[in-house]
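Here is a short briefing on one model.

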Amino acid sequence: MMDDVAIPPFERFYETWSGEILAFLRRRLGRAEAEDAFQETFLKALRAYDRLEHGRDLRAWAYTIAERVAIDVHRRRSVPATPEEPSGREDSRPAYAEIEHLAGQLPATERAAVVLRYGYDRSYAQIGTALGSSADAARQAASSGVRRLRRKELQ
Amino acid sequence: MTVPTDLDRRFRSAAAAAGLLDVAYDVVDSPLGPLFVAATPRGVCRISFDPEPEEEAEELARRFGLRVLRTALEGPRRELDEYFEGRRQAFDLDVDLTSAAPFNRRVLEELARVPYGETTTYGRLAERAERPRAARAVGMVMNRNPVPIVLPCHRVVGSTGKLVGYGGGLDRKERLLRLEGALL
């Protein structure tokens, strides 16, 4: 049954996706910061691992966690060192910042697509690659995720 | 890409240090070949010869929980090294037998009392576990001993003194008994 994909031992999950996730974090954050983010990502995954309900979309799940960690790192970076000094640029993702707190309620693939698209301005082709699907499927996942979030926001 | 060794090791030890693992395992070298060694927070739960770590990890995940990760097991590695160098006769390691059936656990607890350098028989071990007619069943428990070496099933021989059988192969049983001076 599709719904019953067994969850592998954490070792296998880690061995399968750790290299790819590290490469992803290096592209986002640069080599130096990627290392701490990598550790944080997999510790978060380990903490959440026994609450997984199935073994589907573990790749998208790993990317979602890595994205959130990267977003946190960016946020910490963007805190101005001296508050008096006006920050040089506005956060380029105000719309995403408004819906982000809701994103955790989305199914894994939609969540990853929304985070990658609106949190990180990734192209649908890149998101498709990250999620192991086509660009079209990534576009659909992102847009149905956003529709779902808008409904939640209105509630 | 592969994760650099240093970063990989740091993650693995951080995971263990944070107490997030159901099972930690490692493969350690020994004169009997590489040994698969696994431990839960309660103690060593598995030692196997000729390890196939992926299959072992699957089995451990079924029995103890999914958070199974390879990471250095310093205590067990050190004690096993000392044992194989002839510098240790008794292990101070805790053993986790929670997944063993009650009869098996009883027999394995009796087995743990068989001293270094001595042998006993399946029948005598059955008597000590208060199941005097269960010598064959004791043989099965020895054959499936989850923690060989630390729980010394190599010290259990047939009633005639013949080595009879060993999960890791008779050759290894003989070498362990020679190491302990129980065989010349």
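In this predicted model, H1(A) packs against helix H3 (residues 58–78) of chain A at an angle of about 35°. Their axes lie 10 Å apart. The crossing of H1(A) over H3(A) is right-handed.

**The H1(A)–H3(A) contact**

- H1(A) brings A:Phe13, A:Trp17, A:Ile21, A:Phe24, A:Leu25, A:Arg28 and A:Leu29 to this contact.
- On the H3(A) side, the partners are A:Leu58, A:Arg59, A:Ala62, A:Tyr63, A:Ala66, A:Ala70 and A:Val73.
- By class, the residues of the contact are 12 nonpolar, no polar and two charged.

**Chain A overall**

- Chain A has seven helices and zero strands.
- Read from the N terminus, its elements run α-α-α-α-α-α-α.
- Of the 155 residues in chain A, 35% are buried.
- Among contacts in chain A with a separation of 6 or more, 66% join residues 24 or more positions apart.

**Helix H6 of chain A**

- Helix H6 of chain A spans residues 124–131.
- Its buried residues include A:Tyr124, A:Ile127 and A:Gly128. A:Ala130 and A:Leu131 are buried as well.
- Why do these residues sit on the same side of H6(A)? They cover an arc of only 160° around the axis, and this places them on the same side of H6(A).
- A:Gly132 follows H6(A). The phi of A:Gly132 is positive, near 70°.

**Where chain A touches chain B**

- How many residues does each chain give to the contact? Chain A gives 19 residues, and chain B gives 19 residues.
- On the chain A side, the elements with two or more residues in the contact are helix H1 (10–29) and helix H2 (31–48).
- H1(A) supplies the largest share of that side, eight residues.
- The side of chain A that touches chain B holds 11 nonpolar, three polar and five charged residues.

- Chain B has an open sheet of four strands, in the order E3-E2-E1-E4. The pairing is mixed.
- Which strands lie at the edges? They are strand E3 (43–49) and strand E4 (68–70) of chain B, and each pairs on one side only.
- Neighbouring strands of this sheet are turned by 20° against each other on average, direction ignored.
- Strand E2 (residues 35–40) of chain B pairs with E3(B) in the antiparallel sense. This pairing runs over six bridges.
- B:Thr40 stands opposite B:Gly43, a residue of E3(B).

**Helix H6 of chain B**

- Helix H6 of chain B covers residues 135–143. Its buried residues are B:Val138, B:Val141 and B:Met142.
- These three residues lie on the same side of H6(B) because they cover an arc of only 100° around the axis.
- Which exposed residues does the face turned away from the buried side of H6(B) carry? That face carries B:Arg136 and B:Asn143.
- The buried residues of H6(B) pack against two helices of chain B, helix H4 (102–111) and helix H5 (122–128). They also pack against strand E6 (156–157) of chain B.

How values were computed
Residues are numbered from 1 along each chain as its sequence is written. Chains are lettered from A and ligands numbered from 1 in the order in which they are written. This is a predicted model: local features need pLDDT of at least 70, side-chain atom pairs count only at pLDDT 80 or more; totals for chains, interfaces and linings use all residues. Two residues are in contact if their C-beta atoms, placed from the backbone, lie within 7 Å. Ala, Val, Leu, Ile, Met, Phe, Trp, Tyr, Cys and Pro count as nonpolar, Asp, Glu, Lys and Arg as charged, and the others, Gly among them, as polar. A residue is buried if 20 or more other C-beta atoms lie within 10 Å of its own, exposed if 12 or fewer, and partly exposed in between; C-beta atoms are placed from the backbone. The arc is that of the directions from the helix axis to the C-beta atoms. Axes are lines fitted to C-alpha atoms, for helices over the stretch in contact, and angles run from 0 to 180 degrees between N-to-C directions. A crossing is left-handed if the near helix is turned anticlockwise from the far one by less than a right angle, and right-handed if clockwise. Two strands pair if DSSP finds at least two bridges between them.
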